[in-house]
Amino acid sequence: MQLGLLVMFLFWAKTSLCVPQQNCHPGDEYLGRCSNSAYEEKPKCTELNLGYCNDMEYSRTIFPNILGHRTRLEAESGAEYLLLSVIHGLLNGECSPEIRLVGCSVLASPCRDDKMVKPCRSTCEALRKDCTHAFEAIEMAWPYFLDCDRFFASDQEGCFDPLAGLKARQEQALSSLSPQEPSTIIQFTYTSNAQMYSILKRTAAKCSHISHVYSIGRSTEGRDLLVIEFTNNPGQHELLEPEIKLVGNMHGNEVLGRQLLIYLAQYLCSEYILGNQRIQTIINTTRIHILASMNPDGYELAASEVEDNNDPELINHEGHLLNGWTNGRTNAQNIDLNRNFPDLTSVLYRNRRSRHYRTDHIPIPDAYWFGKVAPETYAVMKWVRSLPFVQSASLHGGDLVISYPFDYSRHPLEERMFSPTPDEQVFKQLARTYADAHATMSNNDTERCGASFYRTRGIINGALWYSFAGGMSDFNYLHTNCLEITVELGCDKFPSEAELYPEWKRNKEALLSFLESVHRGIKGIVKDGNGNGIKDATISIRGVRKDVTTAEDGDYWRLLNPGTHIVTATAKGYSKVSKRVYLPHTMSKAGRVDFVLQKVPVEPDIDDHLFPTSDTWDRFDPYNQFEQYRDPDVGDSGREREEKPWWWNYFSQSGGVFPDASSLCSWSEFPAGSLPLRSLALSLSLAFPVHHVVTFNLTASVSST
């Protein structure tokens, strides 16, 4: 209540009690075009004594400054200085301290021989290019007082680089790295959600020829589920190029996978540019999709819990290892996302004895949509239905093992029962690929967090470990072509930052090997007699009761282990064609097996009546129960309408126009004779520091979007 009253008072005081607007803008006054002063004093250098700017590389400044503030008090009372005081929290640490240093160079420019030295325009432009996305992430315009054209000078005019000292220190730190350090420099620290979005967007911008980012939806609290893609032709599917996805942070408190995927994205981009042939081959032949955080809301809660646990003033100090195996696990609706997918495994078990029933592309039961479906689950289901994924890995924490489907026991009363899929051997090979390439996962002497997986060298059938329904891996296998494994990265769900680099070293080779393993088995195109690709043709393997279907242009991929296989291609209204295929153990890439099917008369099939799957597979959210997840309220510009926070116009203006003078007046500008009001304002500001109030309201506003 007190905070709200204070904010209302500050806003009323600064908009209603300011002196009348001046006819001359401060910038124009500085340029000598006009003057608001009855008399002018010659500006002189003075000591730099501006709290948030006292760490600049110089010690003397001059007033009036570029913005027309005549004294230090005016500068400290202005909206620009207030923004600099909260910018770190506002942007969640992104572009800090660069924004503050450049802002200070405008508020308090260096002074030499009683003359102002303006900051460099090139520095401002580079900063704006790197940091615009950070302001866009909170729906805020670039600050007007950082207008690169208006308030900054060119190199020819003589200017000062406010980031020169920071750059020098960073270069010195890089030069101190040992020769054994990787050529790709990655900062192995935890990242907030805003920092994660920023890193992914900057990485995609840096490698725009092989990468781009896109959102598959939003979390319960409105955070983007942001995917970064790597391929030599980003943004579209290429014929015969397999698609693979990596998903992290499904449980918000299992954070190592999230960080590893952020590091992997940076590594792929940097190494491709540096000419790493292995990375270039992977990206040029594969379409990689990385969803670093499927549950950003849960991460937000888990990260705050860890911060609290690390506070030495708190009595109940738990530390990382005890950070809750529950805090932040679920989404903001308290839904466990890995129990929220349609339970198609039970549908399969009920019908598995019928020879007519297909065990692939099982439709989602209508009854599922009457339950509670999380927006994160909804988004991922739409995603996996929209792209022809071949294989996938979901990164978790809590143990050190690879598990693979089925995750739900074939007997509902058995919590631990071996429940293989028709692709048991292929799944085991996928699991072995990651476990064997990991530094310690397959070692017999590795500590196993209380479990015993050493006999299977770090892999296990999911239901044999423990059974649960509604998992993402089972859904991928039974509803799409995709084969997904679950990677448990270690005992500690939220390891300390000191462990992030060692964990990257342990997992880097495993991640790369898993990406390469998608080029296994066979691939090809199913065409008609005229050479046109046939969509939704079925590719079946004799002895394996799991088919895959062709993509939009008739191309397909089928993961297979070495050996001899009978492969059959069929499509409704076309002939059936079978081929014998031999895959030697020495093959390092998928074999090419094409099919040409001839049109034949369509005859009624009893399967179409008893077990209609092809038609009902397309039924997704049939009753529009979750329409709000995909149709946000958008304005004329095509962007979602959102109520702007109260500080929007107070801090920023687009187009390089100054804010109204009423939003820039300082406490010193209260009308003469208003001493009681000025005293009240001073008392309130001392009792409740202004930047604390603003931070409180900024946080509330940002988190509500």
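These legends go with several close-up views of one predicted model.

Residues are numbered from 1 along each chain as its sequence is written, and side-chain values use heavy atoms, without hydrogens or water. Because the model is predicted, local features need pLDDT of at least 70 and side-chain atom pairs count only at pLDDT 80 or more, while totals for chains, interfaces and linings use all residues.

**View 1**
Strands β13 (522-528) and β16 (555-558) each supply at least two. Strands (E, at least two residues) and helices (H or I, at least four) are DSSP runs, numbered from the N terminus. The lining splits into seven nonpolar, one polar and three charged residues. Nonpolar covers Ala, Val, Leu, Ile, Met, Phe, Trp, Tyr, Cys and Pro, charged covers Asp, Glu, Lys and Arg, and polar is the others, Gly among them.

**View 1. F188 meets Y501 as a tilted ring pair.**
Rings of Phe, Tyr and Trp (its six-membered ring) pair if their centres lie within 6.5 Å; planes under 30 degrees apart are stacked, over 60 edge-to-face, and the rest tilted. The model has 24 aromatic pairs. In this one, the ring centres of F188 and Y501 are 4.8 Å apart and the planes sit at 50 degrees, so the pair is tilted. The partners are 313 residues apart: F188 is in the loop between α8 (164-175) and α9 (193-206), and Y501 is in helix α18 (residues 500-516). F188 is buried at 18% relative accessible area, whereas Y501 is partly exposed at 24%. Buried means under 20%, exposed over 50%, and partly exposed in between (1.4 Å probe, protein chains only).

**View 2. A ring cluster, with a lysine over Y477.**
Ring pairs link Y349, Y404, F406, Y408, F427 and Y477 into a cluster. K546 lies over the face of Y477, 4.4 Å from the ring centre. Such a charge counts if NZ of Lys or CZ of Arg is within 6 Å of the ring centre and within 35 degrees of the ring normal. Also in the cluster, F406 is joined to P405 by a cis peptide bond with omega about 0 degrees. F406 lies in the loop between β10 (399-404) and α15 (424-437).

**View 3. Two residues with positive phi: N334 and D536.**
Most residues other than glycine have a negative phi. N334, though, has phi near 65 degrees, and D536 has about 65 degrees. N334 is in the loop between α12 (296-309) and α13 (344-351) and is exposed at 62% relative accessible area. D536 lies in the loop between β13 and β14 (538-541) and is partly exposed at 49%.
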